Amino acid sequence: MKKPRLAVDLGPNLILKNPVVTASGTFGFGLEYAPFGDLAALGAVVIKSVTRHPRRGNPPPRLVETPAGVLNSIGLENPGVEKVVKEILPALRATGKVTVIGSVAGETVEEYVEVACRLAEAGVAALELNLSCPNVKAGTLFGHDPLLAAQVTRAVREALGDDFPFLVKLGVVGNDFLAVARAAVEAGATGLSLINTLPGLAVDVKRRKLLLGHGTGGLSGPAIKPVALWAVWRAHRELQVPIIGMGGVVSVEDVLAFLLCGARAVAVGSGTLAFPRLAWELVEGLEQALAKEGVEDVRELIGMVAEK
Amino acid sequence: MKKPRLAVDLGPNLILKNPVVTASGTFGFGLEYAPFGDLAALGAVVIKSVTRHPRRGNPPPRLVETPAGVLNSIGLENPGVEKVVKEILPALRATGKVTVIGSVAGETVEEYVEVACRLAEAGVAALELNLSCPNVKAGTLFGHDPLLAAQVTRAVREALGDDFPFLVKLGVVGNDFLAVARAAVEAGATGLSLINTLPGLAVDVKRRKLLLGHGTGGLSGPAIKPVALWAVWRAHRELQVPIIGMGGVVSVEDVLAFLLCGARAVAVGSGTLAFPRLAWELVEGLEQALAKEGVEDVRELIGMVAEK
Amino acid sequence: MIHEAEILSQRRLAPDIYRLELFAPRVAEQAQPGQFLMVRTSISLDPFLRRPLSVNAVDRRRGAVVLLYRVVGRGTRLLAERKLGKRLNVVGPLGRSFTVPLSGPVVLVAGGLGIAPLFFLAEVCRQRGNEVILFYGARSQEELVLRRELEDMGVKVFLATDDGSLGERGTVVELLKKKGLPPAAPVYAAGPPPMLKALAGTLKDMGREAEFSLEERMGCGVGACRGCAVKVREGENFVYRRVCTDGPVFKAGEVVWE
Amino acid sequence: MIHEAEILSQRRLAPDIYRLELFAPRVAEQAQPGQFLMVRTSISLDPFLRRPLSVNAVDRRRGAVVLLYRVVGRGTRLLAERKLGKRLNVVGPLGRSFTVPLSGPVVLVAGGLGIAPLFFLAEVCRQRGNEVILFYGARSQEELVLRRELEDMGVKVFLATDDGSLGERGTVVELLKKKGLPPAAPVYAAGPPPMLKALAGTLKDMGREAEFSLEERMGCGVGACRGCAVKVREGENFVYRRVCTDGPVFKAGEVVWE
Ligand SMILES: Cc1cc2nc3c(=O)[nH]c(=O)nc-3n(C[C@H](O)[C@H](O)[C@H](O)COP(=O)(O)OP(=O)(O)OC[C@H]3O[C@@H](n4cnc5c(N)ncnc54)[C@H](O)[C@@H]3O)c2cc1C
Ligand SMILES: Cc1cc2nc3c(=O)[nH]c(=O)nc-3n(C[C@H](O)[C@H](O)[C@H](O)COP(=O)(O)OP(=O)(O)OC[C@H]3O[C@@H](n4cnc5c(N)ncnc54)[C@H](O)[C@@H]3O)c2cc1C
Ligand SMILES: Cc1cc2nc3c(=O)[nH]c(=O)nc-3n(C[C@H](O)[C@H](O)[C@H](O)COP(=O)(O)O)c2cc1C
Ligand SMILES: Cc1cc2nc3c(=O)[nH]c(=O)nc-3n(C[C@H](O)[C@H](O)[C@H](O)COP(=O)(O)O)c2cc1C
Ligand code: FES
Ligand code: FES
């Protein structure tokens with residue numbers, strides 16, 4: 001059997017050796033998972049969202065398990081762009097030829113621009129603008145308003161120049177996410193990352209209080225997979241741009257489903273918490289599945305789901 | 001131990017003997033579940049959404065199971081308001097003193113008004129306007145636009161008169177549901193039903209096609225519970241109107257969680273599919289739980305969740 | 001209608017096929033051939049929904065109800081792992097049963113696990129005194145479960161396998177065409193959709209009436225959720241009927257095959 | 001780091017407390033007292049996350065690792081139902097272990113299942129020759145599991161129960177205050193947060209250093225998700241540290257109790 005070709009591109013300037021990447025925030029800065037496998041074997045490592053200054057994050061508890069899902073309110077804990085650029089990215093690069101995608105969060109247009117530029121200069125292959133963190137104050141501000149989304153996207157595009165690939169990451173609850181996505185694409189985003197967690201909460205019924213220290217959180221995991229597939233499928237049909245699809249991926253079937261719905265790459269998030277080697281297993285499993293089905297190039301599948 | 005008081009009101013003209021009701025579409029027209037318990041023992045039976053003309057619904061498959069959830073695309077199959085009023089409601093009433101809440105769906109303002117009036121005349125205790133069915137063409141039209149939501153709500157309010165209680169039922173994906181909710185309340189809705197299913201889809205990976213006959217569907221069940229609780233909590237804080245909360249209820253703890261978040265009644269949907277006697281069990285379980293905790297009146301709990 | 005039924009026995013009849021015996025006297029008493037139970041296979045919220053399984057046999061004296069199933073996914077896999085003595089939560093009996101003439105020969109056509117409801121039907125017909133002819137097909141010999149028991153009860157059994165390991169090589173519909181049917185005997189069938197579709201065509205050509213047991217994904221099992229639609233002819237047009245309460249037994253002629 | 005570990009034995013020590021022995025030679029070899037494993041308790045997607053459980057003992061010769069746990073929810077309930085011979089997927093050993101002086105007496109303070117990591121610590125200290133004094137509290141006599149084994153290995157055990165059914169009636173912290181501590185002996189503690197908080201206050205008053213094993217809900221267990229935050233003093237201010245990789249063992253003085 002011939003080895004299927006796994007490489008995919010997310011626009012002209014970002015080619016991944018395979019379509020399996022990690023989801024921001026669930027794989028740390030990559031180093032935490034280096035004991036479990038060769039980071040360079042993954043399509044890309046998308047690192048935790050980074051802000052200008054260090055953030056210590058939200059009070060505990062920060063995680064609750066829900067039916068087939070996880071509710072988190074980490075609150076963008078991260079050491080700040082300075083330390084990421086000076087210490088973490090070099091350490092990550094020292095592990096091998098890892099394709100790194102940076103993730104940028106912020107409260108103002110200027111912060112997005114500054115963090116994006118610093119990460120880009122530090123040599124990441126691409127960026128994700130996280131416009132949809134439900135766990136900090138201004139986290140979903142930009143992702144809920146087409147005008148603001150366009151504004152921040154345009155500013156980042158201008159600062160990074162025409163060629164640097166970056167995706168805009170959106171959630172789908174409480175906003176007209178297609179309108180926001182369209183605005184971001186028109187303002188210069190290379191593509192989209194879909195979906196971020198859904199807003200949610202859990203109640204400590206005994207003590208009559210919200211369970212998470214921060215009150216509300218973001219829902220991820222298999223529970224949200226049907227919604228994520230729908231969002232990817234809708235965005236692919238409407239906008240025909242590169243998409244990293246994510247939400248509840250735990251199996252090769254899930255990866256195939258996202259590709260068929262129009263994702264060019266698929267991110268593994270909460271699944272890694274339950275199965276630390278999942279991303280690697282999916283790369284191997286995908287290769288086997290394609291070989292078995294006689295698919296020579298994974299790109300043949302992208303967007304090929306029929307409606308009936 | 002004193003028996004706790006279970007009665008709740010959803011506005012001045014709708015008093016339910018207890019806060020456990022059925023969710024539209026998961027309990028048929030009530031009659032289907034009459035073999036399992038006394039329908040009059042429930043807070044209310046919310047019947048399947050009714051349209052002006054009979055609808056035969058979407059092609060099969062209409063149901064797929066997802067992790068801790070159910071994806072459906074029934075497509076509002078119903079026999080039309082004429083038959084519901086002439087045959088079904090009388091049969092339902094013949095089973096005992098059932099509190100019936102009608103559910104109205106439509107494609108135009110006129111259709112909503114007509115169906116609402118016919119059901120109200122037929123003696124239902126209250127109505128739900130389903131502005132959020134993801135499974136038919138114009139299903140979410142009214143629920144995605146504050147102006148249209150206000151328009152249909154105002155028309156129904158004018159037709160029904162000032163005193164007739166009705167709630168507007170909304171989903172939370174792809175729209176600014178709080179803006180829509182506010183518009184509907186300002187236009188005369190008594191309160192809100194939250195939440196309808198989240199849009200979703202499933203893929204038949206082998207055949208490379210969407211699994212549901214209709215393509216996309218609506219996600220319900222325990223998987224969506226954290227999102228539903230969040231939506232109820234947000235709407236209660238922002239709008240302080242009567243809310244029927246729903247989404248993934250399967251236990252007394254879930255009922256308490258919705259009440260604490262601000263729901264005045266709680267609807268049992270997909271849970272009934274898995275546990276046909278669930279609604280009755282929750283009424284009994286709620287009474288016991290309150291007695292055990294020394295809560296004399298269930299209304300003491302409504303909205304009482306603390307943030308920290 | 002809801003029963004906490006103790007598992008009396010569970011036997012593997014073929015690599016993926018299990019027969020499970022429950023203690024459920026009320027079900028045993030009421031169930032008719034063609035009816036089914038909604039079985040809760042998991043104790044967690046995943047899988048969430050019940051699984052429909054036909055009543056395969058009853059032993060009224062012992063209060064026992066038998067299910068026959070193939071492990072195809074998560075629900076049935078969990079079922080196969082359930083241990084003796086544990087309780088299974090089942091709802092039923094549900095759905096409309098087969099309608100059978102009081103006397104005369106009847107023809108049964110089973111594809112694979114379609115034997116589940118037809119075994120029960122064969123048993124009841126034999127008790128009543130009907131002559132029973134069964135065309136029974138499966139992938140291979142080992143999957144032709146319960147054929148001995150059927151022969152022992154006096155059913156005239158014709159076998160077909162895809163691989164030719166027992167009976168005729170080929171489909172059960174081809175076998176039926178080859179052997180022919182006794183005149184005027186009504187036909188009862190259950191099996192995978194492609195088989196039923198082919199059989200419907202053949203029977204139509206032969207001008208035969210038949211009752212088919214259909215399958216569709218189910219939510220409630222009691223007619224409330226409208227999840228189990230099957231396309232049925234109505235004049236020039238069509239409507240959707242519920243497999244759970246309008247069926248699972250339908251007239252072959254009314255089903256619209258896609 | 002990921003192991004498919006066969007279940008060698010599983011014993012119920014008290015109504016809700018189980019001791020589980022796994023065959024995991026690599027873990028047995030590497031694990032140090034205070035470290036934990038992330039255990040996959042379900043085979044479905046619900047419950048979804050792994051559960052952190054301390055290493056309670058190891059038998060390097062037999063390649064065995066022992067876990068001690070209380071059934072408190074769905075995950076631990078599923079674990080208690082796992083059968084001999086089946087495999088359990090575990091990740092570890094994870095986290096930072098206790099630091100122990102090479103000689104001299106050490107004091108252990110266990111509340112309830114806090115005995116899980118401290119039993120292992122006691123064992124290692126005894127093998128090294130440290131004198132070990134254990135204050136051990138639980139709700140009642142039957143929940144004071146493993147006390148015989150501890151006495152047998154030469155640990156000096158002081159017991160307390162909430163109901164007075166064995167040892168002193170009252171909390172283990174009250175007991176410790178009453179009995180007093182040998183001079184300069186370092187203290188190691190594990191147990192429910194209220195006990196640890198009380199103990200921290202007492203030890204501060206006594207001017208004692210201590211290491212506490214903390215618990216928090218965990219996602220990854222490897223330091224990546226930042227889900228397991230614990231508030232830790234930093235100068236005048238505070239930061240969040242990860243229980244999984246910065247701990248689970250922390251200096252008592254640095255923890256900010258809420
Ligand atoms: C009235 C009725 C009676 C039945 N009687 C029997 C019986 O006696 N013995 C028996 O073995 N099976 C019977 N079935 C089929 C049985 O219900 C399914 O095989 C079972 O639900 C599969 O559950 P699972 O969790 O193992 O599979 P899942 O993991 O849910 O699915 C496995 C595969 O089967 C497909 N599938 C699942 N359910 C259905 C369905 N209802 N229709 C079509 N495709 C489906 C899925 O798409 C998937 O590809 C009956 C079905 C009906 C409707
Ligand atoms: C490093 C570490 C080591 C541990 N070692 C042991 C051990 O050796 N033996 C043992 O019995 N337990 C130990 N625990 C606690 C154990 O992990 C939990 O009891 C277990 O995860 C509960 O799982 P469950 O599914 O049964 O309960 P769930 O259904 O998840 O929860 C049941 C109840 O416990 C609470 N809870 C669950 N997990 C935690 C947590 N991590 N912290 C605080 N509250 C929680 C929930 O809020 C809920 O009220 C340890 C925890 C940590 C962090
Ligand atoms: C613990 C946790 C932390 C997360 N942190 C981030 C983050 O920092 N930035 C971001 O864009 N997304 C973050 N996410 C969202 C994920 O990247 C992903 O979009 C989401 O979890 C859906 O995928 P999943 O279901 O596979 O987890 C986080 C998710 C989890 C569970
Ligand atoms: C099979 C099915 C049919 C439904 N039909 C309707 C409907 O006709 N009208 C409506 O307003 N909601 C309908 N719903 C949505 C439910 O009323 C409810 O809002 C949703 O399922 C969330 O609750 P749950 O998680 O408890 O099911 C339907 C849901 C299901 C699962
Ligand atoms: S399964 Fe609900 S109507 Fe048939
Ligand atoms: S559990 Fe993920 S960082 Fe500790």
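Phe258(A) counts as buried because its relative accessibility is 0%, where buried means under 20% relative accessible area with a 1.4 Å probe and protein chains only. This is a predicted model, so local features need pLDDT of at least 70 and side-chain atom pairs count only at pLDDT 80 or more, while totals for chains, interfaces and linings use all residues. Residues are numbered from 1 along each chain as written, chains are lettered from A and ligands numbered from 1 in the order written, and side-chain values use heavy atoms, without hydrogens and water.

Phe258(A) sits in helix α6 of chain A, residues 252-261 (a DSSP run of H or I, at least four residues, numbered from the N terminus). Beyond its neighbours within four places in sequence, its contacts include Leu229(A), Val232(A), Met246(A) and Val266(A), with contact meaning heavy atoms within 4.5 Å.

Over in chain B, 21 residues surround ligand 4, and Ser24(B), Ser49(B), Gly221(B), Gly248(B) and Ser270(B) are the closest (a heavy atom within 4 Å is the cut-off). That shell splits into five nonpolar, 14 polar and two charged residues, with Gly counted among the polar ones.

Here are some polar contacts, pairs of N or O atoms within 3.5 Å:

| Residue | Residue part | Ligand 4 atom | Distance |
|---|---|---|---|
| Ser49(B) | side chain | nitrogen | 2.7 Å |
| Asn130(B) | side chain | oxygen | 3.0 Å |
| Gly269(B) | backbone | oxygen | 3.1 Å |

Taken alone, ligand 4 exposes 600 Å², and the protein buries 98% of that (Shrake-Rupley method, 1.4 Å probe).

Definitions and conventions: A polar contact is a pair of N or O atoms within 3.5 Å; within protein, one must be able to donate a hydrogen and the other to accept it, and residues adjacent in sequence count only if both atoms are side-chain atoms. Helices (H or I, at least four residues) and strands (E, at least two) are DSSP runs, numbered from the N terminus. Buried means under 20% relative accessible area, exposed over 50%, partly exposed in between (1.4 Å probe, protein chains only).
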